[in-house]
Amino acid sequence: MIFYFSGLGNSRHVAEGLTEEGERLLFIPDAERAGCYDYAVGMEERLGFVFPVYSWRAPRLVSDFVRRLRIEGRPGYTFMVATCGDDCGRTEHYFRQELRRKGLNLDTALAIQMPNTYVCLPGMDVDPTPLAEEKLARAEERIAQVKALLRRRERVSQMIVTGMAGLKSDVVQPLFYSLLVKDKPFHSSEACVSCGICAKSCPLQNIVMVDGRPQWQGHCTTCLACYHHCPQHAIHYGRATDKKGQYYFGNDTKK
Ligand SMILES: Cc1cc2nc3c(=O)[nH]c(=O)nc-3n(C[C@H](O)[C@H](O)[C@H](O)COP(=O)(O)O)c2cc1C
């Protein structure tokens, strides 16, 4: 059984690529909406988690879900696969702790580099098209490697950690959440054509259309699906996303 979260499709693509025939693949926001936290796992069954790195840790909605999760039985093998733009920091450390609190032992932790989606801070933008394409091409090879490794149930740690991991994951992440993970700064510009794609693309169903314009409802994880999917580039996060590019998995990268 694999649980996954994805805002822009990178992690969804990875999760789908890793799922074996007949294996359950569950989208965490669907499970949350249905209030489903009880799952039976067979002795030989594996338990996996696939998610993007948010501020050098698992997204809080993933951690919150793990906290509520009740697993009946003992999985034969437990793994996490994180997708990241460039650096996971101490994602593995924190996620391992979260699983341990549930009595689960993380056997394997892997990272796959994918195009960056975070654009809400100065200097942060989507990758230039050639880099995004290169990352996507390398990701395909990596998914195949990871799939084989997971099939063999190898016990490894292969995260991408570039430096100052403690500072990033321990100190910056809490600040990032308290200062930046909120939907108040989101707004639509005059370019909005009321198509509603932002509302449809939001994995948390946090956007309602009011008089033809999006309104955010206060339970946002800043995955940026609304921003990146807008065909008019009409959604902005304060002024921070002015002149930034858009990307989602399966679309051409634009900058
Ligand atoms: C809120 C937010 C925070 C992010 N933080 C990081 C980070 O700390 N390190 C990193 O390498 N990439 C970071 N990224 C980039 C994503 O992890 C990466 O692009 C991921 O593949 C997106 O997956 P998705 O398409 O499944 O949402 C962040 C993206 C978002 C939206």
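This is a predicted model: local features need pLDDT of at least 70, side-chain atom pairs count only at pLDDT 80 or more; totals for chains, interfaces and linings use all residues.
Colleague: Which domains does the assignment of the protein give?
Modeller: Domain bounds come from an automatic or database domain assignment. For the protein, the assignment gives domain 1 (2–178) and domain 2 (182–237).

Colleague: How many residues of domain 2 are in contact with domain 1?
Modeller: Two residues are in contact if their C-beta atoms, placed from the backbone, lie within 7 Å. Domain 1 brings eight residues. They meet domain 2 residues numbering nine.

Colleague: How many Å separate the centres of the two domains?
Modeller: The centres of domain 1 and domain 2 are taken over C-alpha atoms. Their separation is 25 Å.

Colleague: Is α1 parallel or oblique to α5?
Modeller: Helices are DSSP runs (H or I, at least four residues), and strands are too (E, at least two), numbered from the N terminus. Axes are lines fitted to C-alpha atoms, for helices over the stretch in contact, and angles run from 0 to 180 degrees between N-to-C directions. The axes of α1 (residues 10–18) and α5 (residues 129–151) come within 9 Å and cross at roughly 45°. Under 35 degrees is roughly parallel, over 145 roughly antiparallel, 65 to 115 roughly perpendicular and the rest oblique, so α1 is oblique to α5.

Colleague: Which residues of α5 make the contact with α1?
Modeller: From α1 come V14, G17 and L18. From α5 come I143, V146, K147 and L150.

Colleague: How many residues surround the ligand?
Modeller: A residue is near a molecule or strand if its C-beta atom, placed from the backbone, lies within 6 Å of it. The closest to the ligand are S6, L8, N10, S11 and P52. The residues surrounding the ligand number 25.

Colleague: Which domains supply the shell around the ligand?
Modeller: At least three residues come from each domain. The shell draws on domain 1 and domain 2.

How values were computed:
Residues are numbered from 1 along each chain as its sequence is written.
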